[in-house]
Amino acid sequence: YEYDEMQNKVNIKFIITETKRMYIGKINFFGNLKTNDEVIRREFILSEGDIYDTSKIRRSMQRIRNLDIFGDVQLKEEQISEDKVNINIFVEEGRTISADVALGYDFGSDFSITLKLNESNLFGTGIGTSIAVEKGRYNESIDFSIVEPYLYGRDIALISSTGYYNVYNPNLNTYKSRSYYQSFRGIDSISEYLKLSVGY
């Protein structure tokens, strides 16, 4: 800081000293006893041999946490030479199975109960599955869904839902109705924050 008492001002100078460019050596993962390395590695923006970039490392860590399959994610850097650093990521496997129970009431359909089971990391592959069963006085339904976040190793997600819905309410209709369905939805990443979705 340079003080100019005559004009009552402070001049600010930024002194920038360039350092040697750093590169990433190895990217190691520890603690993933169930989850495959590839599930974590594909969320890491940088690759081994890339230029060290703090903002991309920070974003990569956030992407790994966003998977929501780990209880804790920590980063430790290990400088192995003057221009190279290893990235060590320590994860703690979290619970990936959950169950939901819901009780509902509809003036036309009376009471109903819904049971849903979710698995967000099937066999450590990062694939999500869920099955939902609903049973009411006049209706019943079953839905099975599967989410493949990286189809054939590419940043394309595929969501598939299969199920049926059966309803017969003599108070409202004089006929029985049963519907079967199969739906597909593909999500392609145009950029990290922009995606294109197509469904059938």
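Tutor: Let us begin with terms: strands are DSSP runs of E with at least two residues, numbered from the N terminus, and two strands pair if DSSP finds at least two bridges between them. The model is predicted, so local features need pLDDT of at least 70 and side-chain atom pairs pLDDT 80 or more, while totals for chains, interfaces and linings use all residues. Residues are numbered from 1 along each chain as its sequence is written, and side-chain values use heavy atoms, with hydrogens and water left out.

Student: In strand 11, which residue is the bridge partner of N166?

Tutor: Strand 10 covers residues 156–167 and strand 11 covers residues 177–191. The two pair in the antiparallel sense over twelve bridges. Within strand 11, the partner of N166 is R178.

Student: In strand 12, which residue is the bridge partner of D188?

Tutor: A hairpin of two residues leads from strand 11 to strand 12. Strand 12 spans residues 194–199 and runs antiparallel to strand 11, with six bridges joining them. In strand 12, D188 has as its bridge partner L196.

Student: What is the angle between the ring planes of F30 and F90?

Tutor: Rings of Phe, Tyr and Trp (its six-membered ring) pair if their centres lie within 6.5 Å; planes under 30 degrees apart are stacked, over 60 edge-to-face and the rest tilted. By this rule there are three aromatic pairs. F30 and F90 are stacked at 5.0 Å centre to centre, and the angle between their planes is 20°.

Student: How far from the ring centre of F90 is the charged end of K76?

Tutor: A charge sits over a ring if NZ of Lys or CZ of Arg is within 6 Å of the ring centre and within 35 degrees of the ring normal. The charged end of K76 sits over the ring of F90, and its distance from the centre is 5.5 Å.

Conventions. Helix = DSSP H or I, 4+ residues; strand = E, 2+ residues; numbered from the N terminus.
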